[in-house]
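Dear colleague,

Please find below the structure that I am handing over to you.

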Amino acid sequence: MTKVSDEIEVGGLAEGVAFSPDGNYAYIGNFLDSNMSIMRINGTQVTDTGNKLQLPGHPASLRGAPK
């Protein structure tokens with residue numbers, strides 16, 4: 001069973017997530033805002049970095065590099 005312990009506001013119509021190769025960051029694509037929210041991951045704790053990566057258009061999909 002999964003338990004929600006907290007929520008973090010991202011952007012409009014979040015539709016995808018990709019993780020940095022080291023697993024320390026998550027990038028969430030926000031379709032309506034045409035940007036990506038950047039979250040810091042430390043163990044089981046996720047915090048908003050307060051940074052957004054502005055995109056030239058809507059994010060359509062996300063994927064990380066193959067390992």
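Strands here are DSSP runs of E with at least two residues, numbered from the N terminus. The model is a predicted one.

On that basis, β3 and β4 make up a hairpin with two residues between them. Glycine 43 lies in the turn and has a positive phi of about 65°. The two strands run antiparallel and are joined by seven bridges; one of the pairs links arginine 40 to threonine 47 in β4.

Glycine 29 has methionine 36 in β3 as its bridge partner.

Which residue of β3 deserves a separate note? I would draw your attention to serine 37, which is found in that strand. Serine 37 has a relative accessible area of 0% and is therefore buried, the cut-off being under 20%. The side chain of serine 37 makes a polar contact of 2.9 Å with that of asparagine 30 and another of 3.1 Å with that of lysine 52. Leaving aside neighbours within four places in sequence, the residues in contact with serine 37 include Val10, Gly11, Ala26, Tyr27, Ile28 and Asn51.

Yours sincerely

How values were computed. Residues are numbered from 1 along each chain as its sequence is written. This is a predicted model: local features need pLDDT of at least 70, side-chain atom pairs count only at pLDDT 80 or more; totals for chains, interfaces and linings use all residues. Side-chain values use heavy atoms; hydrogens and water are left out. Two strands pair if DSSP finds at least two bridges between them. Helices (H or I, at least four residues) and strands (E, at least two) are DSSP runs, numbered from the N terminus. Buried means under 20% relative accessible area, exposed over 50%, partly exposed in between (1.4 Å probe, protein chains only). A polar contact is a pair of N or O atoms within 3.5 Å; within protein, one must be able to donate a hydrogen and the other to accept it, and residues adjacent in sequence count only if both atoms are side-chain atoms. Contact means heavy atoms within 4.5 Å.
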